[in-house]
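Biologist: I would like to learn how to read a model like this one. Could you walk me through a few features?

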Amino acid sequence: MILSCRILRVRNRNRVDSLPLALLIAACFLAPVGEAMSQDAAVSASEASGVGWLPAVPIQITAGLDLGYDDNVTQSPNPEGSWSAKENIVLTYARPSERTQVSLIGVGRFEQFFDLGTDDKNGNITLSIAHSSSTRLLFYTNIYAAYETEPDFKSDVGPENVRADHFNTVDIFAVTYQWLPRLSSVTNFTFQRVKYTDATIGAQQDRIDSTFGETIQFSLTSRTNLVGDYRYQITDYDTAPIDSTTHYLLAGINHHLTEHLIVHASGGPSLRSLKDDGDSTSPYFEGSLEYIRSNHSLNWTTSYGFEAPTQANTSTRQTFRTGLVLTYNLTSRLSSTTAVYFHHDENQSSASSGTGSAGSQDSLDLLLGFGYTINKRLALRFNYNHTSQSSLGGTPGYSRNSYSAGLTYAY
C-alpha cells in the first residue's frame, strides 16, 4: 500500500511528541498506508545534514563538506566566535513493496572549531518499517537514535543554552486495525531515553518516558476524520525527584481542505501527578497544517501543554511550541528553505520548596538556506542560522549566529 498523505516533517523525530504519531494515525485511513511513511522518516534526518531528497535507488551514499563561522559557539553572554569545518556522510536505504515498506538512514557529522580547538562527533540513525498484514491490519515501527552535542530547539530534550554530548532515542510501535469501513483504531507505545555524558546535567535531565496510547478514528466523510485519543505517560528520572505520570484525553479532527492542504487539530485536558509533589492540570492542544505543491511546500505545527523541564529546580513546565518549514524551488536548479521554531516556557518549582513560579523563558531558532544543483551528483548550499534564548533567573540569555557554505556529492 502507498501513503499519499505525507507525514509532516517536524521536530526531526527527536521528541516523544504525540503530533507525528497523530499525523500517522490520521493518514492511515484518509489514504492507504505505505511508502511515504518510511521515506519521510529518512527525509527529516537527511534535511538536518543538508540533503533534502531521497534516492531513486535502494542504497545511496552522500558526502558533504561545509566551511563557516559561528559567532558564539559556547552560547554564553560573552560570545566566543570560531571558524569551523563540518563533514557529513549520509547513507540511505529504501525498499518499497506491496506489503512491507522499509527505510533506513544513517547520518554522521564531524565538526571542528578551529579557534577553540574543539571537535564534535554526532550521528543518528532512523529505521522505519510498515507492514500490511491484511487489508485491515497494519504494523508500524519507527526507531530513532542519536548522539548529539548541539541543543535541540525543536523538542524538549535538554537545556537549549548548553552544548553537551547526549544520547536520545525515540521508538514508536503501533498497530492499526480497520474494524468497519468507517471505524478504525490505533494501539501504540512510545519509548524515549535521554542520557547525558555530563553527570551534572544528567542529574537533572536523564530520564525514561513510556507512553501508551489508544486512538479511535471515525471517517465522517471522504475528506474528514473524527479522532478520539487517550494517552498515559510514565516519566522516570535517573536522579531528579520529579518522576510523574500524565493522562491525556483528547478529541480532534483531520480534514483535507483541498487536494494539497491538510489540517489536523486536537485538544483536551491533561493531568500530571508528580510522585512526591501532588497533581496539576493543564489544557493540551496540538495542531498542524501541511500544504504541498509541485515546487513548494509548507509545514506548520503548534502545541501547548506539559513538557519535560529543561532547567534545574523546576518540577513542571508548560510550553507553547510552534514551528514552520517552507521549501520553495525558485528555479529548476535553485531551491530555498526557511525554518522557524519558537517556544515559550512557564516553569514551576516544586510545591514543597514554597517558591512557586520559577519564571518564563523564550527560545528561537531560525534557519535560512539556499541550494544550487550543479549536476545530478553535485550540489552547492548556503546556510544562515540564528538562535537565541532569554534569561531565566540566574541563567543568562544569549544570541548566536552561524554562516556556512558547502558542497554535497552523491555516489
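Biologist: How many residues does the hairpin use to join β4 to β5?

Modeller: Strands here are DSSP runs of E with at least two residues, and helices are runs of H or I with at least four, numbered from the N terminus. The hairpin passes from β4 to β5 through 4 residues. A caution before we go on: this is a predicted model, where local features need pLDDT of at least 70, side-chain atom pairs count only at pLDDT 80 or more, and totals for chains, interfaces and linings use all residues. Residues are numbered from 1 along each chain as its sequence is written, and side-chain values use heavy atoms, with hydrogens and water left out.

Biologist: In which sense do β4 and β5 pair?

Modeller: Two strands pair if DSSP finds at least two bridges between them. Strand β4 (residues 118-132) and strand β5 (residues 137-148) are antiparallel, with 10 bridges. Within that pairing, Asn-124 has Ala-146 in β5 as its bridge partner. Strand β5 is also joined to β6 (residues 166-180) by 12 bridges, again antiparallel, and there Glu-148 stands opposite His-166.

Biologist: Is Phe-113 buried or exposed?

Modeller: Buried means under 20% relative accessible area, exposed means over 50%, and partly exposed lies in between (1.4 Å probe, protein chains only). Phe-113, in strand β3, has a relative accessible area of 2%, so Phe-113 is buried. A contact means heavy atoms within 4.5 Å. Leaving aside neighbours within four places in sequence, Phe-113 is in contact with residues including Asp-70, Trp-83, Thr-118 and Arg-163.

Biologist: And what about Phe-110?

Modeller: Phe-110 also belongs to strand β3 (residues 100-113), but at 37% relative accessibility Phe-110 counts as partly exposed.

Biologist: Where is Asp-206 placed?

Modeller: Asp-206 sits in the loop between α3 (199-205) and β8 (207-219). With a relative accessible area of 4%, Asp-206 is buried. Beyond residues up to four places away in sequence, Asp-206 touches Arg-193, Val-194, Lys-195, Tyr-196, Asp-236, Tyr-237 and Asp-238. Asp-236 is 30 residues from Asp-206 in sequence, with 8.7 Å from C-alpha to C-alpha.

Biologist: Which backbone atom lies 2.8 Å from a polar atom of the Asp-206 side chain?

Modeller: That is the backbone nitrogen of Tyr-196.

Key. Polar contact = N/O pair within 3.5 Å; in protein donor to acceptor, adjacent residues only side chain to side chain.
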